[in-house]
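Please go through this structure with me by question and answer. I would like to hear what each term rests on.

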Amino acid sequence: MNPYIDLRSDTVTKPTPAMLEAMFQAQVGDDVYSEDPTVNELQAYGAHLFGMEAGLFCPSGTMTNQIAIKLHTQPLSEVICERNSHIYVYEGGGIAFNSAASVQLLDGVRGKISPEQVAAAINPDNIHFPVTSLVSLENTCNKGGGSYYTLPEIAAISEVCQKHHLPLHLDGARVFNALVASGEEAREYGRYFDTISVCLSKGLGAPVGSLLLGPKPLIEQAKRVRKVLGGGWRQAGFLAAAGLYALQNHVTRLQEDHDHATLLGNALAQAPYVASVMPVETNIVIFTLAPEVTTDAFLGYLAQKGIQGTSFGPQMIRFVTHLDLSPDMVTAIIQAIEGYQA
Ligand SMILES: *Cc1c(COP(=O)(O)O)cnc(C)c1O
């Protein structure tokens, strides 16, 4: 009856026919021997895009983040990041498990931290404190409702890091959403970050995979860590072909996802049973229901209409727009939002 509309995440997309065709046509080889031409091409292409030297294709963004953290830290050292960061909240405690490092959490504004906060969070040289060894930013900020840092904001944080000889990592799971929204160039990012993680499996629409980008010697080391985590893969070129296709064809269209998110945000803001909607800046819409409506009740109503969202905290729901969401589906969602009786 109703088309199934999945707003839970932008990870749910399926390869388009053209992407599948690119996967079928891929030249492959054993990537543990660095002999997969398509993986090599994807890594070089991604690195060049961001003004970085080298890249490493990995199965997930969790792995690219965790490898970067492992390389930048030592046991007894500390990572500075925002309280709601994916690296802290959603990676299973991996910073402690993989790197035996501690975390200094900062309270950001919709996921974003300031250079002043970073400067104040760097520990003095005193054996009571862990050694501050890394600063990590997330762009866009998932729990910030898809908010994003601009290049000048990043530059100011990078300046603090350079002054204190601290590496700066980017969890850029949705960095292309930030770039499309700001109109900035990916290439500029290479000047400010020591390592960058980019997801190909989110809004870009590839089925699997993330890239870790950085200087060549560090990426050589990253390949060792990926291997020990069980991520040394063989003929991964079929997946790399999807990632390459996504980078070459699915970046500018992210604007459509942002436009769809804005339409959904506006419809929700008008709804009497919605208490508030976080500002919609990219492809994420986070809203809070009025006290008289439970998330279960509203999500249950949407499910009857063939629409799925995610419960995202007390009274909160998250919608994420993506490649597999058509304008007709957006119209159907807006009708469902307008038709709900609390
Ligand atoms: C999705 C995501 C990741 C990586 O997740 P995987 O599912 O491991 O690929 C990292 N950071 C953020 C902010 C994300 O949204």
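Q: What makes the residues listed for Ser197 its contacts?
A: Contact means heavy atoms within 4.5 Å. Leaving aside neighbours within four places in sequence, Ser197 is in contact with Gly61, Thr64, Asn65, His169, Leu170, Asp171, Gly172, Ala173, Leu211 and Leu212. Ser197 itself is in strand β7, where a strand is a DSSP run of E with at least two residues, and a helix a run of H or I with at least four, numbered from the N terminus. This is a predicted model, in which local features need pLDDT of at least 70, side-chain atom pairs count only at pLDDT 80 or more, and totals for chains, interfaces and linings use all residues. Residues are numbered from 1 along each chain as its sequence is written, and side-chain values use heavy atoms, with hydrogens and water left out.

Q: Why is Ser197 called buried?
A: Buried means under 20% relative accessible area, exposed over 50%, and partly exposed in between, with a 1.4 Å probe and protein chains only. Ser197 has a relative accessible area of 0%, so Ser197 is buried.

Q: Why does Asn142 count as buried?
A: The relative accessibility of Asn142 is 7%, and therefore Asn142 counts as buried. Asn142 is in the loop between β5 (131-138) and α7 (151-163).

Q: What makes the pair of Asn142 and Arg318 a polar contact?
A: A polar contact is a pair of N or O atoms within 3.5 Å; within protein, one must be able to donate a hydrogen and the other to accept it, and residues adjacent in sequence count only if both atoms are side-chain atoms. The side chains of Asn142 and Arg318 make such a contact at 2.7 Å.

Q: How do you know what counts as a cavity?
A: On a 1 Å grid over the protein atoms alone, a cavity is a set of points where a 1.4 Å probe fits but cannot get out, and lining residues have an atom within 4 Å of a point. Grid points are joined across faces, edges and corners, and a volume is the space filled by probe spheres set on the points. By this rule there are two cavities of 30 Å³ or more. The largest cavity holds about 70 Å³, and its lining includes Asn142. The second largest cavity has about 40 Å³, with Ala173 and Arg174 among its lining residues.

Q: Which element gives the most to the lining of the largest cavity?
A: β5 does, with three residues.

Methods:
1 Å grid on protein atoms, 1.4 Å probe; cavity = no way out; pocket = protein on both sides within 12 Å on 5 of 7 lines; lining within 4 Å.
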